[in-house]
Amino acid sequence: MGNCFSQSKNSTSEIAPYDWIRHFKPLPVAAPTVRLYGSASSSLAAYVRFALLHKNLSLQFVSTDDKPPSNGDEAVTLEIGSESVCGQRETLLKFIEDKFPHPPLRLNEVMETTPLVVNVTWLQHRSITWHLERMVRWADDLSRCGGRRRVDPAVGSPRMELKKFAKNYSQLLEVMLEHAQMEERVVFPVLEMADRGLCKAANEEHARDLPIMNGIKEDMKSIGVMDYGTPAYHEGLSNICTRLKSLQKHCKEHFNEEEKDLLPLLEATDLSKEQQTRVFEQCFDAMKTTHSHLFNFFLEGLLPSEGMEYVDLISKCSDKDWTASMIRLITK
């Protein structure tokens with residue numbers, strides 16, 4: 001998994017976004033044992049977990065759910081080698097940064113003045129963008145190896161890999177559709193109230209890409225019943241690869257336009273603090289279906305530092321039961 005879990009054997013399609021960290025600074029030869037003690041539903045524990053992954057450190061998470069905290073606060077303890085610290089976020093992060101300064105967390109770069117809705121939308125764009133890039137790499141790999149029968153323990157037989165490929169795309173499609181609905185039902189109406197017609201082009205682009213997205217899924221179903229290695233099979237893979245690249249191009253352009261021309265205008269809508277909070281809550285309400293069963297899949301597309309931001313946003317939701325259920329998915 002890109003953030004919470006890593007795999008020892010990765011195919012070209014399974015390179016996680018946090019792999020750049022390993023090029024920044026390799027893991028110490030004698031890395032100390034890292035243990036994190038806390039509740040499985042603790043947002044602070046999840047936040048610290050991502051901070052450790054940002055440092056390219058593996059850790060052992062020890063649930064303390066059977067031990068009630070001594071006070072009303074979250075009880076989170078971080079143990080690195082023979083040293084340990086227990087405290088609030090700032091204390092724990094400073095401890096990590098002092099022990100492992102590279103790569104830096106750059107917490108001072110967080111734009112606290114940016115509307116929460118913008119942060120939610122931007123991070124969802126990042127996850128979808130990475131997953132689309134992975135699907136394109138994967139499609140290229142399948143097309144390139146199409147006629148050669150090989151046994152790869154990491155991915156299974158060609159037929160098994162194709163099933164995994166189709167499953168991953170189905171999951172991505174669910175996330176993309178729900179994200180589009182979130183924008184259409186929550187984000188765009190706020191902008192339309194301030195300037196009618198402002199989101200017309202964005203809505204049209206959503207409608208343009210929907211047939212492409214669904215068509216790719218149908219193409220994958222068709223290939224799944226074809227004889228492996230036949231000319232028709234090769235042609236089908238080639239068509240899927242082409243359509244995925246087209247979808248990737250459209251999404252990249254669409255996200256860039258939204259982030260440049262639409263999302264910044266949310267700051268100018270003069271929403272009250274209460275209205276901003278309500279819109280923020282509605283964004284997560286719109287994403288609850290996919291987040292309930294595809295949350296870890298979604299997080300795979302984020303860097304650990306971005307995962308920290310998303311956990312921080314979720315922890316701000318008023319529905320604490322839902323927040324706790326999302327955090328528990330990370331620590332499973």
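User: Where does pLDDT stay under 50, with two contacts beyond four places in sequence?
Analyst: That's residues 69–73. pLDDT is the predictor's confidence in each residue, from 0 to 100, and a contact means heavy atoms within 4.5 Å. This is a predicted model, where local features need pLDDT of at least 70 and side-chain atom pairs count only at pLDDT 80 or more, while totals for chains, interfaces and linings use all residues. Residues are numbered from 1 along each chain as its sequence is written, and side-chain values use heavy atoms, with hydrogens and water left out.

User: OK, and what's the mean pLDDT of the chain?
Analyst: The mean is 86, and 83% of the residues reach 70 or more. Residues 1–16 have pLDDT below 50, although the model gives this stretch 41 contacts beyond near neighbours in sequence.

User: Switching to strands: in what order do they sit in the open sheet?
Analyst: The order of the four strands is S2-S1-S3-S4, with mixed pairing. Strands pair if DSSP finds at least two bridges between them. Helices (H or I, at least four residues) and strands (E, at least two) are DSSP runs, numbered from the N terminus.

User: Which ones are the edge strands?
Analyst: S2 (60–63) and S4, each of which pairs on one side only. From one strand to the next, the twist averages 15 degrees.

User: How many bridges join S3 to S4?
Analyst: Four, and the two strands, S3 (residues 77–80) and S4 (residues 83–86), run antiparallel. Leu78 stands opposite Val85, and Ile80 has Glu83 as its bridge partner. The two strands make a hairpin with two residues between them, and Gly81 in the turn has a positive phi of about 60 degrees.

User: Which helix packs on the sheet, touching S3 and S4?
Analyst: That's H3 (residues 89–99), whose direction makes about 155 degrees with that of S4. Then there's H2, which lies across S1 (34–38), S2 and S3 and runs at about 165 degrees to S1.

User: How do the axes of H2 and H10 cross?
Analyst: The axes of H2 (residues 43–54) and H10 (residues 304–315) cross at roughly 170 degrees and come within 8 Å. Axes are lines fitted to C-alpha atoms, for helices over the stretch in contact, and angles run from 0 to 180 degrees between N-to-C directions.

User: So what do you call that arrangement of H2 and H10?
Analyst: Roughly antiparallel. Angles under 35 degrees count as roughly parallel, over 145 as roughly antiparallel, 65 to 115 as roughly perpendicular and the rest as oblique. Among the residues that meet there are Tyr47 and Phe50 from H2, and Met308 and Val311 from H10.

User: Is Cys283 buried or exposed?
Analyst: Buried, with a relative accessible area of 0%. The cut-offs are under 20% relative accessible area for buried, over 50% for exposed and partly exposed in between (1.4 Å probe, protein chains only). Cys86 is exposed at 52%.

User: What about Asp209, buried or exposed?
Analyst: Asp209 is buried, at 5%. It sits in H6 (residues 200–224), and beyond four places in sequence Asp209 is in contact with Leu247 and His250.
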